[in-house]
Amino acid sequence: MAEHVVLFTGPMGAGKTAAIQSLSDIDPVRTEAANTDRVTADKPTTTVALDYGEITIGPDEKVRLYGIPGQTRFEFMWKVLMKRAVGMILLVNNDNPDPIGQMLYFIDYFHELYQRGGAVVAISRSDVGAGPSREDYYAALAAARPGLSIPIFSVDARSPEQMKIALFSLILNIESRAALPAGYEGTRR
């Protein structure tokens, strides 16, 4: 059976743990601890090492789902988990004060992963009030990172159906980018 690793990246409170919970065929492994930064995300616990789940997507393919901790102080875990990954689903909390800035930060940080695989942006909490639209995210991405081809979705991270759409879009993004002719620069910048 072919196995692939997908990272769920993004800031604390964006829905990475919920997304893995909604997708996983097994009970996810979590490394939760008391959240000492309630200003950034008002939730009782936060991931401190990783979240882990699995989903079988066909008779011969399994995807291992790894959620990174969102705080930059755990950046060493980001580097460890990024090594085996084929792509990432970047979750961004739309009611955060600067969700577009966070999106660009994580895209820059994980640019190497995007280059060798692919990425999808999943905007969470876009239904709770004012915040940038999907078009705002696309415009900011095009202005700041010309040439990047990254699908952007609004999602409820707790919804298995919505997260499967994001995951399958990531797989399609990876496969379509791998099929580009050698030397093609249009979406590989």
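In the protein chain, 70% of the contacts with a separation of 6 or more are accounted for by residues 24 or more positions apart. The model is predicted. The protein chain contains 6 helices and 7 strands, which follow one another from the N terminus in the order β-α-β-β-β-α-β-α-α-β-α-β-α. Of its 189 residues, 48% count as buried.

Strand E1 spans residues 2-9 and includes Leu 7. Leu 7 is buried, because its relative accessibility is 0%, against a limit of 20%. Leaving aside residues up to four places away in sequence, Leu 7 touches Tyr 66, Ile 68, Leu 81, Met 82, Ala 85, Gly 87, Met 88, Ile 89, Phe 110 and Leu 113. Between Leu 7 and Tyr 52 the C-alpha to C-alpha distance is 9.6 Å, at a sequence separation of 45 residues.

Helix H1 (residues 16-23) is mostly covered, with 6 of its 8 residues buried. The buried residues of H1 are Lys 16, Thr 17, Ala 19, Ile 20, Ser 22 and Leu 23. H1 packs against helix H6 (residues 160-178) at an angle of about 95°, and the two axes are 9 Å apart. H1 is therefore roughly perpendicular to H6. On the H1 side the contact is made by Ala 19, Ser 22 and Leu 23, and on the H6 side by Pro 160, Met 163, Lys 164 and Leu 167. By residue class, the contact of H1 with H6 consists of 5 nonpolar residues, 1 polar and 1 charged.

In helix H2 (residues 75-82), the buried residues are Met 77, Trp 78, Leu 81 and Met 82. These residues lie on the same side of H2, because the arc they cover around the axis is only 130°. H2 and H3 pack at an angle of about 50°, with a distance of 12 Å between their axes. At that angle H2 is oblique to H3. Glu 75, Trp 78, Lys 79 and Met 82 of H2 make the contact with Tyr 105, Phe 106 and Tyr 109 of H3. The contact of H2 with H3 comprises 5 nonpolar residues, no polar residues and 2 charged residues.

Aromatic pairs number 8 in the whole structure. In one of these, the ring centres of Tyr 52 and Tyr 66 are 5.0 Å apart and the planes meet at 55°, so the pair is tilted. Because Tyr 52 is in strand E3 (residues 45-58) and Tyr 66 in strand E4 (residues 61-67), the pair ties together parts that are 14 residues apart in sequence. Both tyrosines are buried: Tyr 52 has a relative accessible area of 12%, and Tyr 66 has a relative accessibility of 16%. A further pair is formed by Phe 106 and Phe 110, whose ring centres are 6.4 Å apart; the planes are at 5°, so the pair is stacked. Phe 106 and Phe 110 are buried. Together with Trp 78, Tyr 105 and Tyr 109, these two phenylalanines form one aromatic cluster.

Note on methods. Residues numbered from 1 in each chain as written. Predicted model: local features only at pLDDT ≥ 70, side-chain atom pairs only at ≥ 80, totals over all residues. Heavy atoms only, no water. Axes fitted to C-alpha atoms, helices over the stretch in contact; angles between N-to-C directions. Helix = DSSP H or I, 4+ residues; strand = E, 2+ residues; numbered from the N terminus. Parallel < 35°, antiparallel > 145°, perpendicular 65-115°, else oblique. Contact = heavy atoms within 4.5 Å. Nonpolar A, V, L, I, M, F, W, Y, C, P; charged D, E, K, R; others polar. Buried < 20%, exposed > 50% of the residue type's maximum accessible area, 1.4 Å probe, protein only. Arc of directions from axis to C-beta. Phe/Tyr/Trp six-rings, centres within 6.5 Å; stacked < 30°, edge-to-face > 60°.
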